[in-house]
Each structure stands twice: as C-alpha cells, then as structure tokens.
Amino acid sequence: MADIANNSEIFGPVASGLSFVAFAVIHFLLRPLTPSSVLKSGTQTTWKWRNICNSLVHSILTGTWAILSFYWHPKMAEDLIGTHSTSSLLLVSVSIGYFIYDFIDMLLNHRKRSSYELMIHHFFVIICFGLSVLTQQYIGYAVVALLVEVNSIFLHTRQLMIIKGAPRQHSGYRLNSLLNIGTFLIFRILTLGWMTRWLVIHRDQVPFLAYTTGSIGLAVIVLMSIVLFFRILDADFISKKVRNKKE
C-alpha cells in the first residue's frame with residue numbers, strides 16, 4: 001500500500017475499489033448477526049437493517065476520521081484547496097467506495113422513493129468527491145463535508161431502533177433523538193451552511209466546472225437535509241407531544 005501511496009494517480013481509485021469490496025464483505029458478515037425479530041419482518045426489512053448497519057459503520061469510521069484529519073493536519077484547515085495529507089486523501093477515497101457500493105445496493109434491492117432520494121444524494125457525492133480525488137484538489141473541502149457523518153451516526157442509530165420496534169418513549173430512544181437533533185444542527189446544517197459560504201467567497205479560485213458541480217450538488221444536499229430535519233423534528237418531538245396530550 002505504501003508503494004501505491006507514492007503513485008498519487010492510482011492511490012485514490014485503488015483505495016476506493018478496496019473500500020467497495022470491504023463494505024460488500026461487511027454487508028455479508030452482517031447476515032448471521034441479524035436479529036430474529038428483524039428476520040421475521042420480511043426480506044425488505046432484513047435488507048434495510050443490514051444496509052443501515054453498513055451505513056452506520058461508514059459514519060462512525062469517516063465521521064471520526066474527518067475530525068482527526070484536521071487535528072493531525074491543521075494546515076489543511078487554512079487551505080482547503082491544495083493542502084492535504086495522505087490520510088485525508090485515503091479518507092475521501094474510502095468514502096467514495098462506500099457511496100458507490102451503497103448506490104448499487106439500493107439500486108438492486110430497494111427501488112423505492114426513499115432510496116431514489118438517497119441515490120440522488122450519493123450520485124452528487126460520488127461526482128464531487130471523485131473529481132477531488134482525481135485532481136488532488138479540494139480534499140480538505142471534501143473532508144469538511146464528511147463532518148456531516150458525525151450526525152449520521154445518530155441518524156442511522158435512530159433508524160435501527162425504529163426497525164427493531166424500540167418505543168419512542170424509551171430513554172435510549174429519547175437520548176438518541178436529542179443527540180440526533182443536536183448534531184444535525186451542528187454537524188449537518190451549520191457545516192453545509194459554512195460550505196456554501198466558503199464556495200461563494202472562493203468562487204474566483206474555483207474552476208467553472210468544479211464550481212458548477214459543487215454548487216448543484218451542495219444545493220441538492222442542503223435541500224434534502226432541511227426536509228429531513230423537519231421530518232425528524234415532527235416525528236420525534238412535535239407529533240410526540242400531540243400524542244401525549246391526547247393520552
């Protein structure tokens with residue numbers, strides 16, 4: 001791997017390919033770990049549980065890694081365009097492999113509206129991250145985007161708890177709901193807002209193709225995040241209060 005790292009042109013694609021295989025293996029290894037209560041719910045629910053578990057692994061890995069990347073290489077925060085470390089390049093490459101795998105997994109196994117929305121998200125992420133890795137530019141900006149995965153940890157945990165039928169009034173569910181909303185505001189909404197501001201400020205430094213692709217992708221992801229935020233807020237807090245009053 002060290003020899004490949006010295007060849008920057010193939011390092012990213014090779015890392016993405018290995019990541020793709022790794023997440024496919026993780027999905028396979030989750031089969032014997034699937035709870036019996038989930039297995040009884042049918043094929044689609046079983047697939048969804050394994051898919052979300054795989055996504056949770058990605059979120060824990062990349063969310064933590066993104067924070068550490070700026071700690072290990074603080075100069076990257078000063079120059080998000082041209083400065084990056086081998087570790088941060090590997091992080092973005094690994095994430096590309098996951099998003100490609102998850103895109104194909106949903107395309108083959110879950111052709112429903114919710115999956116189509118995620119596939120649109122994955123498409124733009126793959127394009128933007130792919131351009132970043134292939135050009136060796138904007139790696140730092142891509143790492144900032146992966147800070148969003150900190151929130152995804154609690155988002156995926158919420159989905160798994162719902163699949164397993166955890167009561168919404170359960171202390172564990174309530175704690176995760178609060179952490180989910182808190183990290184959603186800090187690591188998703190504020191991060192995406194900061195990324196939008198950065199892109200506008202540095203417009204003259206970004207080539208037209210990269211700026212256009214990034215702007216469209218960011219706009220789509222911001223819109224989807226806002227819609228998702230209000231859906232979760234309504235399901236876990238607003239509607240919950242209404243139900244409690246009726247009781």
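The model is predicted. In it, helix H8, spanning residues 149–163, packs against helix H9, spanning residues 171–201, with axes that come within 8 Å, while the second largest pocket has a volume of about 190 Å³.

**Contact of H8 with H9**

- The axes of H8 and H9 cross at roughly 150°, and because angles over 145 degrees count as roughly antiparallel, H8 is described as roughly antiparallel to H9.
- The crossing in which H8 passes H9 is left-handed.
- On the H8 side, the residues that meet H9 are Val150, Asn151, Ser152, Phe154, Leu155, Thr157, Arg158, Met161 and Ile162.
- On the H9 side, their counterparts are Gly172, Tyr173, Asn176, Leu179, Asn180, Thr183, Phe184, Phe187 and Arg188.
- By class, the residues of this contact comprise nine nonpolar, seven polar and two charged.

**Second largest pocket**

- The lining of this pocket is formed by Ala24, His27, Phe28, Arg31, Thr43, Gln44, Thr46, Trp47, Arg50, Tyr101, Asp105 and Asn109.
- Two or more lining residues come from each of helix H2 (8–29), helix H4 (43–72) and helix H5 (86–109), and H4 gives the largest share, with five residues.
- Sorted by class, the lining of the second largest pocket holds four nonpolar, five polar and three charged residues, with Arg31, Arg50 and Asp105 among the residues that line it.

Methods: Residues are numbered from 1 along each chain as its sequence is written. This is a predicted model: local features need pLDDT of at least 70, side-chain atom pairs count only at pLDDT 80 or more; totals for chains, interfaces and linings use all residues. Side-chain values use heavy atoms; hydrogens and water are left out. Axes are lines fitted to C-alpha atoms, for helices over the stretch in contact, and angles run from 0 to 180 degrees between N-to-C directions. Helices (H or I, at least four residues) and strands (E, at least two) are DSSP runs, numbered from the N terminus. Angles under 35 degrees count as roughly parallel, over 145 as roughly antiparallel, 65 to 115 as roughly perpendicular and the rest as oblique. A crossing is left-handed if the near helix is turned anticlockwise from the far one by less than a right angle, and right-handed if clockwise. Contact means heavy atoms within 4.5 Å. Ala, Val, Leu, Ile, Met, Phe, Trp, Tyr, Cys and Pro count as nonpolar, Asp, Glu, Lys and Arg as charged, and the others, Gly among them, as polar. On a 1 Å grid over the protein atoms alone, a cavity is a set of points where a 1.4 Å probe fits but cannot get out, and a pocket is an open set with protein on both sides within 12 Å along at least five of seven lines; lining residues have an atom within 4 Å of a point. Grid points are joined across faces, edges and corners, and a volume is the space filled by probe spheres set on the points.
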